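Subject: Structure handover

Hello,

Here is the structure I promised to pass on. Please open it first, then read my notes below.

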Amino acid sequence: LILAYNEEKSAFVGSVENITEKTLQRVRVEIHLSNGKELGPTTPVVLTAGEVRKVQLNAAGEKFESWNAHAEIGSTEHRKNEHGSRESGEHEGEHR
């Protein structure tokens, strides 16, 4: 995963690459901003061995000092519990 913030576009742009020899299912990218906001995840895609896909996540109107990003792979799903907090559901996914 390679991302950079592009001020002109007010977006994070880059790419995600499958560096394995296997096909990866449901690959998506999330960005966490220092202001507490989460951008993404991107639409899940299938990445074959060695495949590279462009990634862009809009950050228009967001004020932040720092950020971190990660790719998710597999059937990881997040849902909100009855109190509105995020929790992970049962899954086989990986955070990388």
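The notes below go from the whole chain to two residues.

Please keep in mind that this is a predicted model.

Whole protein

The protein has 0 helices and 10 strands. The protein has 96 residues, and 28% of them are buried.

Ala4

Start with strand β1, which covers residues 2–6 and holds Ala4. Is Ala4 buried, partly exposed or exposed? Its relative accessible area is 40%, so Ala4 is partly exposed. The limits for that class are 20% and 50%. Leaving out residues up to four places away in sequence, Ala4 touches Ala11, Phe12, Val13 and Trp67. Now find Gln56. Ala4 and Gln56 are 52 residues apart in sequence. In space, their C-alpha atoms are 9.6 Å apart.

Glu72

Next, go to strand β7, residues 67–73, where Glu72 sits. Why does Glu72 count as buried? Its relative accessibility is 1%, and buried means under 20%. Which side chain does the side chain of Glu72 meet in a polar contact? The partner is the side chain of His70, at 3.4 Å.

Best wishes

Key: Residues numbered from 1 in each chain as written. Predicted model: local features only at pLDDT ≥ 70, side-chain atom pairs only at ≥ 80, totals over all residues. Heavy atoms only, no water. Helix = DSSP H or I, 4+ residues; strand = E, 2+ residues; numbered from the N terminus. Buried < 20%, exposed > 50% of the residue type's maximum accessible area, 1.4 Å probe, protein only. Contact = heavy atoms within 4.5 Å. Polar contact = N/O pair within 3.5 Å; in protein donor to acceptor, adjacent residues only side chain to side chain.
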